[in-house]
Structures are given as structure tokens and as C-alpha cells.
Amino acid sequence: MLTMNHLAKVYRTEVVETYALRDFNIDVKEGEFVAVTGPSGSGKTTFLTIAGLLETFTGGEYHLDGMEVSKLDDNARSRIRNEKIGFIFQAFNLIPDLNVFDNVEVPLRYRGMKAAERKQRIMDALERVGLASRAKHYPAELSGGQQQRVAIARALAGSPRLLLADEPTGNLDTQMARGVMELLEEIHREGATIVMVTHDPELAARAQRNVHVIDGQVVDLTEEPRFHSQTSHA
């Protein structure tokens, strides 16, 4: 489903090279639920943005669903991102001037779907997260947990092959976080492939596998370590 081999991401200025990722290796199989953990600045979010085709990489290989990502042009990347990948962000990323229904509809409009199909997908997704009755509410009228559920519905409406979640419970209290995590587990049981970045060890422990990132490299805590001690350039 998602394989990165010896991936590197380097940010360069005239005087400094900063390695966000170096010799980064990961293999996520279809149907897995993988938690990615690690200290702040370790490269977790950089990995997720590259995985989601939101950012390019400097070296190595990235195969997504059998395709070598580096060979794709911008249009192809955008199309694959819209059709195959769902995103859930810590800050929800809802549009405040749009109601719940319209927020979930936004990515579907780019696919050229007919209105009837869009409506069916939206209401199915909102029903799935328990918010069908709030379709006409605006983000400001919802709790944090409800806003995150809208964000999950927005991702689910596109029937993604891969769901990428960046600290999906980071802005929620314990009870709301538990509800969101239970929803993600349920979505996974139905066949979704999920990669979740989290700082919460309790949430990470509920995933099938925990991949730990340190200094832009991977330590897979349930497999043989592939971490090579190298000094990250700052």
C-alpha cells in the first residue's frame, strides 16, 4: 500500500542543510493501522505530508498503491490525493463559513461528481460519524469532538484507500479523544488503511503496530530495528 525506501527530505538554505528525514524506511500494508510516534521535531509530520503527496522528497523511493510517486506530475498527484487519500488534522481544518454538509462536500466537488451522488456520500458519511442531524450547523456551533468527527466524515466521503491522521485527538479532552479513537478503530475494522501520528502512548498502543521516528529515521518497535545512528545536520 505505502512503501518508502531510503527516503530523504532535506531543507537547504545558503549556509545550512537540515535533514528532516534520512534513510527513512517504512512499509504499510493494505488494511493495517499504524501509529507513528516520536519526539517533537523527529520528522513525523514531514513523513505524513510526503505520504499524503502534499510535499515532495529529496531522495529515495516512495511507492503508493503500486505507483512510484516521483514519476507523477502535479496533476496526477492532485488526482491521486483527492481520490485515494483522506486527511484528518489536529486543527480540524474546517471552513468556518461553510456548514457541516458543505465542509464535507468540498473535496467531492473536485471529482466532478453529480449532485445526487455527492449528497448520498455526504449523508452516509455524516450518519457514519453520528452527525447527520447536524448537517446544517456551522463549525462554531459544534464541540471540538464534533468538529473532528466532521473532519473524519469529510475524509470518509471520498472512500479513501489510505487515511492519514495527524494528532487527530491533540485538541480534544480525554472523553472526546476516546470517542474519536473508537471511531477510527471501527473504520479500520471495516477495511481502511490508517496511518496516525500521535504523541499519546495510550492511543499508539491501540494501533496494530507502532513505528517510532527519531532524528528522521525509523525504529519499528514491533520488528527488527532498522535505525542507523547518524548525526542529523542542523
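Student: In which sense do strand β4 and β5 pair, and over how many bridges?

Tutor: This is a predicted model, in which local features need pLDDT of at least 70, side-chain atom pairs count only at pLDDT 80 or more, and totals for chains, interfaces and linings use all residues. Residues are numbered from 1 along each chain as its sequence is written, and side-chain values use heavy atoms, with hydrogens and water left out. Strands (E, at least two residues) and helices (H or I, at least four) are DSSP runs, numbered from the N terminus, and two strands pair if DSSP finds at least two bridges between them. Here β4 (residues 59-64) and β5 pair in the antiparallel sense over two bridges, and leucine 64 has methionine 67 of β5 as its bridge partner.

Student: What is the strand order in the open sheet of four strands?

Tutor: The order is β2-β1-β4-β5, with antiparallel pairing; β2 (17-28) and β5 (67-68) are the edge strands, each pairing on one side only.

Student: Which strands pair with β8, and in which sense?

Tutor: Strand β3 (residues 33-37) pairs with β8 in the parallel sense over four bridges, while five bridges join β7 (residues 162-166) to β8, also in parallel. Methionine 196 in β8 stands opposite alanine 35 and also opposite alanine 165.

Student: Is strand β8 mostly covered or uncovered?

Tutor: Buried means under 20% relative accessible area, exposed over 50%, and partly exposed in between (1.4 Å probe, protein chains only). Strand β8 (residues 193-197) is mostly covered, with five of its five residues buried: Thr193, Val195 and Val197 point one way, and Ile194 and Met196 the other way.
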